[in-house]
Amino acid sequence: MAENTSSVSLNGYSNEAASEPSPIETDLLIIGAGPAGASLACFLVQHGLKGVMLAATPSTADTPRAHITNMAALECLRDIGLEEECIKVAVKGDCMQHTRWCRSMAGEEYARIYSWGNDPARAGDYDAASPCKHVDIPQTILEPILVQHATHSGFSCRFDTTFLSFERKSEDIILSKVQDNLTKQIYEIPSKYLFGCDGGRSQIVRQMNIPLVKKPGQGLAINVLVKVDLSHVIENRMGNLHWVMRPDEEHPAFGWSAIVRMVKPWNEWMFILFPAPGAGVDFSPTPKEYHDCIKNMVGVDSVPIEILGISKWFINEIVAEYYSDGNVFCLGDAVHRHPPLNGLGSNTCIQDAYNLAWKIAYTIKGKAGFEILDSFSLERQPVGESVITRANQGLRDHVPVWEALGMMDPSLEIRKQQFAELSEATPAGVARRQKLQTAVQGTSHEFHAVGMEMNQRYESKAIFLEDENPRPPLPKDPVLEHEITTYPGSRLPHAWLNTRFPGSQISTIDLAGHGAFSLFTSIGGGQWKTAAESVSNNLGIEIRAYSIGWKQDYEDVYSDWAQRREIAEDGCVLVRPDRFVAWRSHSMIKDPEQKLWHVLKIILSR
C-alpha cells in the first residue's frame, strides 16, 4: 500500500515537519486577543489595515473578568460602529443603579450609594461629558464582539498559539517565534510592527526589560463564579455591586468579606472573596467550604447554588516606565496592572489601542513620520500610572467603611461591640453612624469618577502648544469633576448639535474621529474651512471641516458648544483622529492656511 503523505490542516497550516511550516508574513502582529489586542485590531481595520492576532488561549475569555464599560471606551467603539452592538448585549445602567453594603444578598442592608452615573444629583455632569452611557458588558461577551469585527474585516486571529520570543532582524523587521499549542510546532513570523497585548504576564515586556514601577500589593482575592437565581431578591436591592460583610459573626479566613458582582441578571454572579487582614495568601478551601461560604453570603438556604469556577489573583499596583521601543509597542494589562475598582481596566486597554492605531496607520501610509509613534508612550504612560493609583486608592477608600462597621478587629467580641454601637442612642452610637455615613460618601471617588474617566491630558509633540499659555489646573477634585475644555491635549468636548430644519441630533464627538482630522469653526471662520481643504490636499490627509452656529453646517441648538469651545466664533479647534484636541486658534489670523499647514507638519512629524 502506498504511504499516505497527505497532511492535515490544523489552526491554519500543515502539520508537516516543524522545520517547514507554512510561511506567515504580516506588517502587523498583535500578541493577545483580549480587550487591548482585539480592540487594536478593530481600530487598525478602520484604517484599512490587515494583520495577524495571536492568542495563547483556546478561545476568547472564559471568565467574565472586566465588566464596566465607561463612556470614554464606548466613544472609541462608537467610532467604529460597535457601540450599538455592545448596548444590545449589555446590561443597562438602571441595573447598575447602586452599590450596597449588606450582611448577605438577601439579608439586612447597612448602606447604599448611587453608582455609575445614576445619582440624580450627578446626571447633568455625565450628560455633559459624553453622548455615551456606562454599561455592564462582561469580558466574555465583549471579546467575541471585538474579535469577530476584526476578523470579518480581514484581520486574522489564531488561538492556541503561544508567543515565545522575538528578534530584531533589521531596523524594519521583527522575527517572532511562536508555538502552535495543538501540534507543538514552532515557527517564525516576520513583521514590521509587534504589539504586546499579552496581559499581566507579558513575555514581550519581560524580553524588552521594561522597568516596572511596583508598589506594595494589597493581597489576595479569590473569584468564585456562581450560578444562583436572586431575581426574587434583587427587586428592592437594585445594583451590580454588593459588599457582603458580617462583622458580628465568625467567618472563614479566606472569606472575610466579598464583593458580589452581577454577571447576568440575576442568575449568575461573581463572588470576589477577600481573606481576613493578616491571614496570608495560602488557602486551599475544600469545595464544601467554598459552597458553605457562598451559601452564607447569599443568605437564603432554599436557593440552590452551583459554583462554576474558582480562580485566584493578586491585587497589584504596577505600571511600566515606558510602553514602546522602536517598532515594538506594549499596551493594556501588559503595562498597567491594578484591581478592578473604578472599573478602569478594559476601558484603559481600549483607549490605549485607540490612541495608537491611527498613528500606526498614518505612519504606514506615509501620512506621518515614524517619530509620531514616540507620542504613544508619552501620552498613555501617565494615564496608566494615574489609573493604577486610582484603582488601588479606590480599594483603600473602603477601609473607613469596614472600620465604621466594626470589621477590622480580630476579636469577635470587640467586633460585636463596635457593630452594636450603630444601633445605640449614645454619643458613641452617634459618632459611629456619622463615621459610616462619611465613609460611604468617601467611596464616591470610585462610583462617580467622571473626572478620572474623562480628564486625560496628553502632552507630546503630537499636541501643538506653542500658541498656548500654561495649562490651567484641573478642577479642585479631578476624580469627581470633569474639566470640559478645548485646551490642546484634552478630549474634544461633547455638545449636541442639529440642523436648521431639525433632524436627529448629532454630537461633536460623532463629527470627529472616523480616522480623519477634523476642524471646528463658526461664523466668520470660513477661511479655516478653505485652509483645511487646501492643506488636506497638500499633505494627503483627510480634514473634515465644520462650521457650527447660526445658519452654519450645524446648529448649536443648546448653545453648549459656544460655552465649551473657549475660542471666538472665527477661531478654530483642530482635532486628531482619536478625538483629542491637537491645536486651536482663539480667533482668525493673518494666514490661516500657512499656520494650519505648519501645525499639522509638526503634529505629524513630517
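**Figure 1. A stacked pair of rings, Y193 and F195**. A residue counts as buried when its relative accessible area is under 20%. In this predicted model, Y193 is buried by that rule, and F195 is buried too. A pair of aromatic rings is described by how far apart the centres are and by the angle between the planes. Across the structure there are 21 aromatic pairs. Take Y193 and F195: the ring centres are 6.4 Å apart and the planes meet at 15°, so this pair is stacked.

**Figure 2. A tilted pair, F520 and Y546**. Here the rings sit 5.8 Å apart, centre to centre, with 35° between the planes, and the pair is tilted. Where do F520 and Y546 lie? F520 belongs to strand β26 (residues 517-521) and Y546 to strand β27 (residues 543-547), so the pair ties together parts that are 26 residues apart in sequence. Are F520 and Y546 buried or exposed? Both are buried.

**Figure 3. Charges sitting over rings**. Have a look at K367, whose charged end sits over the ring of Y362, 5.2 Å from the ring centre. Then turn to R500: its charged end sits over the ring of W550, and the distance to the ring centre is 4.0 Å.

**Figure 4. R500 again, now with E555**. Side chains of opposite charge can pair when their charged atoms come close. The side chains of R500 and E555 meet in a salt bridge, at 3.3 Å from N to O. E555 is in the loop between β27 and α18 (560-564), while R500 is in the loop between β24 and β25 (506-507), so the pair ties together parts that are 55 residues apart in sequence. Which of the two partners is buried? With a relative accessibility of 9%, E555 counts as buried. R500, at 36%, counts as partly exposed.

**Figure 5. The salt bridge between R103 and D248**. A search of the whole structure turns up 33 salt bridges. In one of them, the side chains of R103 and D248 meet at 2.8 Å, N to O. This pair links distant parts of the chain, 145 residues apart: R103 sits in the loop between β6 (98-102) and β7 (109-114), and D248 in the loop between β16 (241-244) and β17 (257-264). R103 counts as buried at 14% relative accessibility, whereas D248 counts as partly exposed at 23%.

**Figure 6. R112 and E109 as partners**. R112 forms a salt bridge with E109, and the closest N and O atoms are 2.7 Å apart. R112 counts as partly exposed, with 35% relative accessibility. E109 counts as partly exposed as well, at 31%.

**Figure 7. The surroundings of D467**. Look for D467 in the loop between α15 (450-454) and β24 (496-497). What does D467 touch, leaving aside residues up to four places away in sequence? The answer is W583 and K595. With K595 there is also a polar contact, side chain to side chain, at 3.1 Å. D467 counts as partly exposed, with a relative accessibility of 38%. For a sense of scale, D467 and Y110 are 54 Å apart in space, C-alpha to C-alpha, and 357 residues apart in sequence.

Methods: Residues are numbered from 1 along each chain as its sequence is written. This is a predicted model: local features need pLDDT of at least 70, side-chain atom pairs count only at pLDDT 80 or more; totals for chains, interfaces and linings use all residues. Side-chain values use heavy atoms; hydrogens and water are left out. Rings of Phe, Tyr and Trp (its six-membered ring) pair if their centres lie within 6.5 Å; planes under 30 degrees apart count as stacked, over 60 as edge-to-face and the rest as tilted. Buried means under 20% relative accessible area, exposed over 50%, partly exposed in between (1.4 Å probe, protein chains only). Helices (H or I, at least four residues) and strands (E, at least two) are DSSP runs, numbered from the N terminus. A charge sits over a ring if NZ of Lys or CZ of Arg is within 6 Å of the ring centre and within 35 degrees of the ring normal. Contact means heavy atoms within 4.5 Å. A polar contact is a pair of N or O atoms within 3.5 Å; within protein, one must be able to donate a hydrogen and the other to accept it, and residues adjacent in sequence count only if both atoms are side-chain atoms. A salt bridge is a side-chain nitrogen of Lys or Arg within 4 Å of a carboxyl oxygen of Asp or Glu.
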